[in-house]
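Hi everyone, thanks for coming. Let me put the model up, and then we can walk through some of the contacts together.

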Amino acid sequence: MILDAMSAVLLLLGALSCVLGGLGLVRLPDLPSRMQAATKPQTLGLLLILAGTALRVELESAVTLLLVGLFQVITAPVIAQLLGRSAYRGGSVSPELLVVDELAGKMPEERSS
Amino acid sequence: MSARLPSVLWLTLVWVLLWGTFTPVSVVGGVLVAVLVTALFRLPPAIDRLPVRPLRLLTLLLFLLWDLVVSGAEVSWQVLRRGPRARGAIMAVPLISSSDLVVTVMANAISLSPGTMALQIDHAHDVWYVYALGPRDHAGVERARRRVVDMQRRVLAALGSPDEHAEAERLLGRMS
């Protein structure tokens, strides 16, 4: 009973976080800020939903859920960085949306890295 | 072979977890696949031996988890409160570590923490450029910059050399 309640709270919080992330994709003005919405509330939401689910399934399946969470946490930042960098290089980061841009003019020219 | 042992063990573990069953077949299958994968796709050896402090590492993990909660809330707040009027900043932050592994951990940690992500790492000048969502003025930018340095300090406390950790402390002291 208590387990059910905890699971329900976690699932609902996770869903709320995912909804807010989705809303951010629509409401925020440019690519880097949208990347924030796609990585932060989304990752948090997924972890909460996984935690909520883990409470209700057998141990063996719960361990697999742990793996899902781990990969999400490891891969999301990498993708965010790659996308952000390409966006900056491609000029889709609008300067008027930035308070400061200390990278302006310092982006190295094409270099394989 | 012995250098590949940790990755073989790790890959076997992932394999068994993916199958979700701990049986002789899944373990043997995992070992076979892991040996094959490590033989076919060799990674460059990680040359730097890092001092790992398990307790600090655990503290760091818990902090990151907490940071993710704060991060989710903070970004959601920006979405609801500012929406299309949200502003960001790209700031240059001193990069304290020279180890590739530590820098990778730092970049990952920064991208999980509130409203920030690493955009570009300039190893030659020991500077990295971090995007932050939320700052609306220069005081906000300085707060975000301080946060990034503080995160580096935490990572270095768990993984870095004592010198680099001391440097992070010094830098943080100068910024406050």
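Let's begin with B:R154 and B:D150, which are 4 residues apart in helix 5 of chain B and so sit about one helical turn from each other. Helices here are DSSP runs of H or I with at least four residues, strands are runs of E with at least two, and both are numbered from the N terminus. The side chains of B:R154 and B:D150 form a salt bridge at 3.4 Å, N to O, where the term means a side-chain nitrogen of Lys or Arg within 4 Å of a carboxyl oxygen of Asp or Glu. Through shared partners, B:D150, B:R153 and B:R154 join into one network. In the B:R153 to B:D150 bridge, the closest N and O atoms are 2.9 Å apart.

B:R154 has a relative accessible area of 28%, so it counts as partly exposed; with a 1.4 Å probe and protein chains only, buried is under 20%, exposed is over 50%, and partly exposed lies in between.

A quick word on the source: this is a predicted model, where local features need pLDDT of at least 70 and side-chain atom pairs pLDDT 80 or more, while totals for chains, interfaces and linings use all residues. Residues are numbered from 1 along each chain as written, chains are lettered from A and ligands numbered from 1 in written order, and side-chain values use heavy atoms, without hydrogens and water.

Now the interface itself. Contact (heavy atoms within 4.5 Å) takes in 44 residues from chain A and 45 from chain B. The two chains bury about 3700 Å² between them, 69% of it on carbon and sulfur atoms; that is accessible area (1.4 Å probe) lost on being put together, summed over both. On the chain A side, A:R27, A:K40 and A:V99 lose the most area, together 18% of what that side buries.

Finally, strand 1 of chain A pairs in the parallel sense with strand 1 (residues 88–94) of chain B over 2 bridges, and DSSP must find at least two for strands to pair. A:D101 has B:I90 as its bridge partner.
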